[in-house]
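Please open the structure in your viewer and keep the selection tool at hand.

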Amino acid sequence: MTDIVDIAALSFTYAGSSRAVLNRVSCSIHEGELVVMTGPSGGGKSTLLRCMNGLVPHFHGGAFGGRVLVDGVDTRTRQPRDLALIAGMVFQEPEAQAVARTVEDEIVFGLECMGRDRQLTRRRLEEALDALGIHHLRDRAIATLSGGELQRVAIASVLTMQPRLLLMDEPTSQLDPQAAHDVLGVLCELRDDLGLAVVVSEHRLDRLLAHADRVMIVPGDGTVAVGDARAMLAALPAAPPLVQIGEALGWAPLPLTIAEARRFAGARDRAAADASPLPSAGDTVVGLRDVSVHLGPVPALRDVSLELHEGEIIALMGRNGAGKTTLLRALAGLVTPQRGEVRFAVAPFAGDRYRSCAYVAQDPSSMMYLSTVEREVEDVLRGTGRDGCVRDALVEWQVEQFAERNPRDLSVGERQRVALAAMLVGSPTLILLDEPTRGMDAPTKDLLISNLQRRASAGATIVLASHDVELAARSATRVVLLADGEVIADGSARAVLADSVTFSTQANKVFGGDVLTVEDALAHARGIG
Amino acid sequence: MTIVETRPGHGAMIDQRSASVTHASSDTRAASPGLHPAVWAAWLVAGSAMVFLTSNPFYIGVIGLCAAVVYAAHRTYARRALDALLLISLVIAPLTIPLNLITGSSGATVLFDLPSVTFPSWLAGVTLGGTVTSESLVYAATRAASIATIAALVCAFNAAVDHFRLLKLAPPSLAQLGIIVTVAALLVPETLARAASLREARIVRGRDAGLRALPSLLLPLLAEALERSIQRAESLDARGFGRLAIQRGSGDGIVAVFGVAIATIGAFAYYYGAPTPVAFAGLVGGTLVTLAVVVRRGRDGALVAMRRQSMTRRDIGVLAATGAATAIFVAARVTGSGGLAYLPFPELIAPEFDPVLAGAALLLLTPGVVALMSERA
């Protein structure tokens, strides 16, 4: 098999840094394979991707050693723009990738810049729109797209160039489960039909591993380990639920797909899970009654009525653009409903809302404006008047080592933790989190879950908007599903997530019934569930 | 588990494919189905030229009104950040009134006296302060109205036009430059949107988010803008932007720079030195060389737009209306009729009002009428 990327003794240190992000790394990427790259946040995955299209060292500077050949071309001798036809890249933050005003213009931008003829450009546009399932968005203004829609547009804009190597930095981090599934399907088709090599950097491996030919682990110490997907399972820093279940139950070989796991698990329990009641709720903290919100003339929420109680962890789920963020913002008082009302039952909310209510937006960068992490936390503490300690907050979210750093110098996952530390400092009783696991590695996700559960046990009400089904299954006591701005299901996590075609966990897909988590699955398999 | 009833047509299945069709409202659509970008450019040029051609507050008022209506007709949720830009312009424009007044007043009707200071002759002997007259006040207010009207025209243009499609109308040789300008222009709405995010961040921190907080947000906004620019530049590089321009040789670029330099030196010498034939030849020759490079590179076709943008009858109608409005203003200015030029000196008099010229100014309303008709249709 031909190598599309050949990396030999690659070392790289960013300018102004003394730590080598990559240290004498040697590996290769073959034509027509899908390689999943994983590792801790800030460990060097994005840097390694940028080495494969020349952005490192040409764009970022720094000390570069060794060589990277892309389709036989030494990246040291060519600029990234010259490699664009060979290596296409989808960046972690699609917001920063867009340049045009409309979806259609954005998708064809690359080809137009290359001076390709109109017919070819048009054909590629239609193919990309169909492949990503975004035909209906073609005339939309970029500024009106949801995060997930924008991510798909970013992928389409690279696909039109038909590169031989596709580099993707967390391409599904903002996608709903179905959209992520569709995108992965497209990637597999491109790999199988066109021989495209795909390198995907991701934290959430549950869906990806089934399609991966090889796995590349970037542990953050400058080294890189690459190997066959199945052979690397045991070395994964955070194995997906399916692998965890397989390891615990001694399944060999370890399953990569739901179908493989079912062979070990036997018949799936088809009993309905509707019997699972909501855990006994505390007092009502906030109630929404017939809340409708329009963003411009676009209805984002329609007649939403909900009651949120003390001690609940509520996961808001639904497709991209379903209204999750708007609902959170309505609770945070950042949008005013055109109809209906948001009523707080507990007195402090009425006078001094943010003393008791904490909100963390989807983009952690948008929440921060001070020069150090420590000052960010102090600022929230002083502004909200909460009782708390800066040091405790930094320790709780394991960001004390960044206290003197500028938040802008951190990776997306690290920024997310800093935003959580700052906005949740003290003991707010209503916590609103928008996509809190974006850019988060598995250990940080574990930390998030344990911290949220501890706060909920202490009486806090937590509402998190997320596409992360595993997060919802592990942490939420209640799940609210939204579609087109309406609540379409509201119940215990077990009742809503079990047996859902889209919003169900790997464990549930294998065992059925009311099994949601790895622990549920193990208990079920051992006959004590 | 509670299954909430949904209205027919809205009860989306949980497992429905995310690619399902959602009907975008007119607000979420870009302005591309609207007027041709060139028509918008012509409208902006015509409106601005008309403001420069007149100092009559009646006509300026009519043009400003047209701009406001056109802005309102094209304002979208996505471009709501322009509201802030318009507001800032409307706040800044009146600030020019005191500036005008302290830099010298003339006229017969004295309102009050300010302390004055006269600079020495080697500093041009300018006098600041002194007598403030009604005539000067009216003149300064008229200039402020002109500035506010230009700002309204620019906001209306920006709300309506698709900049990206406008840039595709430029000769291909200017496409690279056009994209750089377009991407740079993206920073304005993005920074305004970012300012809104930072304001929200302050709100949820229990901090003051009013105007007093603005100075403390300037530095983070600048840092954010720089960071976003770097990310976008990285993305542009990775998408092959600039590849063709660089491949097609830098010889043309050197010739173009040489042409611009000769033309600039020629112009400077002709207008500020002696208007000699050599200076004139430099001006004309340098300009011709530059144009020749533009035309030559234009034929190369560095950027090929996927869609050819053709004009519709609507476009031609609006173009004709704005063209006619400008022509009427130019004719009135040349003939000195209709009171286009209004000077309240030496004594305050009421400005003239000519219904024909007011009607001409009203022709700038045509894009707004077209938008409203399209919406109704």
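Begin by selecting A:E31, which is partly exposed at a relative accessible area of 25%; here buried means under 20% relative accessible area, exposed over 50%, and partly exposed in between, with a 1.4 Å probe and protein chains only. The model is predicted, so local features need pLDDT of at least 70 and side-chain atom pairs count only at pLDDT 80 or more, while totals for chains, interfaces and linings use all residues. Residues are numbered from 1 along each chain as its sequence is written, chains are lettered from A and ligands numbered from 1 in the order in which they are written, and side-chain values use heavy atoms, with hydrogens and water left out.

**Salt bridges in chain A**

The side chains of A:E31 and A:R164 meet in a salt bridge, at 2.1 Å from N to O. The term denotes a side-chain nitrogen of Lys or Arg within 4 Å of a carboxyl oxygen of Asp or Glu. A:E31 lies in the loop between β2 (22–30) and β3 (34–38) of chain A, and A:R164 in the loop between α6 (147–159) and β7 (165–169) of chain A, so the bridge ties together parts 133 residues apart in sequence. Helices (H or I, at least four residues) and strands (E, at least two) are DSSP runs, numbered from the N terminus. A:R164 is partly exposed, at 33% relative accessibility.

Next, select A:E33 and A:R214. Their closest N and O atoms are 2.7 Å apart, and the two residues form a salt bridge. A:E33 lies in the loop between β2 and β3 of chain A and A:R214 in strand β9 (residues 214–217) of chain A, so this pair ties together parts that are 181 residues apart in sequence. Are these two residues buried or exposed? Both A:E33 and A:R214 are buried.

**A network that includes both chains**

Move to B:E224 and B:R194, whose side chains meet in a salt bridge (2.9 Å, N to O). B:E224 is in helix α7 of chain B and B:R194 in helix α6 (residues 175–204) of chain B, 30 residues apart. B:E224 counts as buried at 6% relative accessibility, and B:R194 is buried with a relative accessible area of 14%. Now extend the selection: salt bridges that share partners join A:D363, A:R408, A:R415, B:R194, B:E224 and B:E227 into one network. Over all chains, the structure holds 38 salt bridges.

**Further places where the chains meet**

Select B:D237, in helix α7 (residues 214–238) of chain B. Which residues does B:D237 touch, not counting residues up to four places away in sequence? They are A:L55, A:F59, A:P80 and A:R81, where contact means heavy atoms within 4.5 Å. B:D237 counts as buried, at 11% relative accessibility.

Then select B:R205 and A:Y369. The charged end of B:R205 sits over the ring of A:Y369, 4.5 Å from its centre; this requires NZ of Lys or CZ of Arg within 6 Å of the ring centre and within 35 degrees of the ring normal.

**Aromatic rings in chain B**

Rings of Phe, Tyr and Trp (its six-membered ring) pair if their centres lie within 6.5 Å; planes under 30 degrees apart count as stacked, over 60 as edge-to-face and the rest as tilted. By this rule there are 10 aromatic pairs over all chains. Select B:Y139 and B:F345: their ring centres are 5.6 Å apart and their planes stand at 50°, so the pair is tilted. B:Y139 belongs to helix α4 (residues 134–160) of chain B and B:F345 to the loop between α11 (313–335) and α12 (355–362) of chain B, 206 residues apart. B:Y139 is partly exposed at 30% relative accessibility, as is B:F345 at 27%.

The peptide bond from B:F345 to B:P346 is cis, with omega near -5°. Ring pairs also link B:F58, B:Y59, B:F329 and B:F353 into a cluster.

Select A:D71, in the loop between β4 (63–70) and β5 (73–74) of chain A. Phi of A:D71 is near 55°, a positive value in a residue other than glycine. Finish at A:D303, in strand β12 (residues 298–309) of chain A, where phi is near 50°, also positive in a residue other than glycine.
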